[in-house]
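Here is a short briefing on one protein model. Please look over the sequence and the coordinates before reading on.

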Amino acid sequence: MTPTTSARPPGRPRAGVDAVVFAATLSTVREIGYARATVERIAAAAGIAKTTIYRRWPSKGALIVDCLLDAFGPVPLEGASRAELMSSAIRWIAAKIGEPGVGDAFAGVFSDAVSDPVLREVLSTRLQDPYRLALQDALGEPENRVLFYIDVVVGTLLHRMGMTGEPMVDADVAALVEMVLPYFADHAGPARR
């Protein structure tokens, strides 16, 4: 009788490891904060070796960016009008930032990127660009206006998280929508730069 062998290499499948690491990352960030959530602590929470993480992600920042991409998923561009589409995007990102660990991770990696040009490039190209491009396509707006829209919305939401430790409440998200829409909702708004 010949022994049977599996075509799959030993260990967990990559997708399974990613899911476990992402869950452990958000849990660790939520429990002890972004700064104290080291790769070693995330690996321990995931029940894997830190070398397993470093084989996939060269740094904590790169891990956090991929974790956020997984948590956010694609932006739901819903609505029959520009105002509805923009409103749904604002409410979506506010809800995502309010999920346990997500806002903390986002604010932490954003803060680290201020003084780390490599991380800033990863954050810009891997996290911001896909959403910017989707919004540019949906809104028919140039890059500079969509970047300003992202800056205003995400910056406001992260500022609230940083100042209070809490996500923005629904009433304040609604007020943010009301403040932002007049500027961005129609093509006849302020002159494009």
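What share of the 193 residues of the protein counts as buried? The share is 41%, where buried means under 20% relative accessible area, exposed over 50% and partly exposed in between (1.4 Å probe, protein chains only). This is a predicted model: local features need pLDDT of at least 70, side-chain atom pairs count only at pLDDT 80 or more, and totals for chains, interfaces and linings use all residues. Residues are numbered from 1 along each chain as its sequence is written, and side-chain values use heavy atoms, with hydrogens and water left out.

**Fold**

- The protein has 9 helices and 0 strands; helices (H or I, at least four residues) and strands (E, at least two) are DSSP runs, numbered from the N terminus.
- From the N terminus on, the order of elements is α-α-α-α-α-α-α-α-α.
- Take the contacts (heavy atoms within 4.5 Å) between residues at least 6 apart in sequence: 65% of them join residues at least 24 apart.
- Helix α6 covers residues 102–114, 13 residues in total. From first C-alpha to last, α6 reaches 19 Å, close to the expected 18 Å; the expected span is 1.5 Å times one less than the number of residues.
- Buried residues of α6 are Val102, Gly103, Ala105, Phe106, Gly108, Val109 and Ala113.

**Salt bridges**

- The structure holds 9 salt bridges, each a side-chain nitrogen of Lys or Arg within 4 Å of a carboxyl oxygen of Asp or Glu.
- Arg82 and Glu141 form one of them, at 2.7 Å from N to O. This pair links distant parts of the chain, 59 residues apart: Arg82 sits in helix α5 (residues 82–97), Glu141 in the loop between α7 (117–139) and α8 (143–164).
- Both Arg82 and Glu141 are buried.
- Glu141 also bridges to Arg145, with the closest N and O atoms 2.9 Å apart. Shared partners join Arg82, Glu141 and Arg145 into one network.
- Glu141 counts as buried because its relative accessibility is 6%. Arg145 counts as buried because its value is 5%.
- Arg132 pairs with Asp129, their closest N and O atoms lying 3.4 Å apart. Both residues belong to helix α7, 3 residues apart, about one turn of the helix.
- An α-helix has 3.6 residues a turn, so residues three or four places apart point the same way.
- Arg132 is buried at 8% relative accessibility, and Asp129 is buried at 19%.

**Largest pocket**

- The largest pocket holds about 620 Å³ of space. On a 1 Å grid over the protein atoms alone, a pocket is an open set of points where a 1.4 Å probe fits, with protein on both sides within 12 Å along at least five of seven lines; lining residues have an atom within 4 Å of a point. Grid points are joined across faces, edges and corners, and the volume is the space filled by probe spheres set on the points.
- Its lining has 26 residues, with Phe106, Phe110, Gln128, Ile150 and Val154 nearest the centre.
- Elements giving two or more residues to this lining are α5, α6, α7 and α8. The largest share, 8 residues, comes from α8.
- By class, the lining has 20 nonpolar, 4 polar and 2 charged residues. Ala, Val, Leu, Ile, Met, Phe, Trp, Tyr, Cys and Pro count as nonpolar, Asp, Glu, Lys and Arg as charged, and the others, Gly among them, as polar.

**Phe148**

- Phe148 lies in helix α8 and is partly exposed, at 35% relative accessible area.
- Leaving aside neighbours within four places in sequence, Phe148 is in contact with Tyr183 and Phe184.
- Phe148 and Phe184 are 36 residues apart in sequence and 9.6 Å apart in space, C-alpha to C-alpha.
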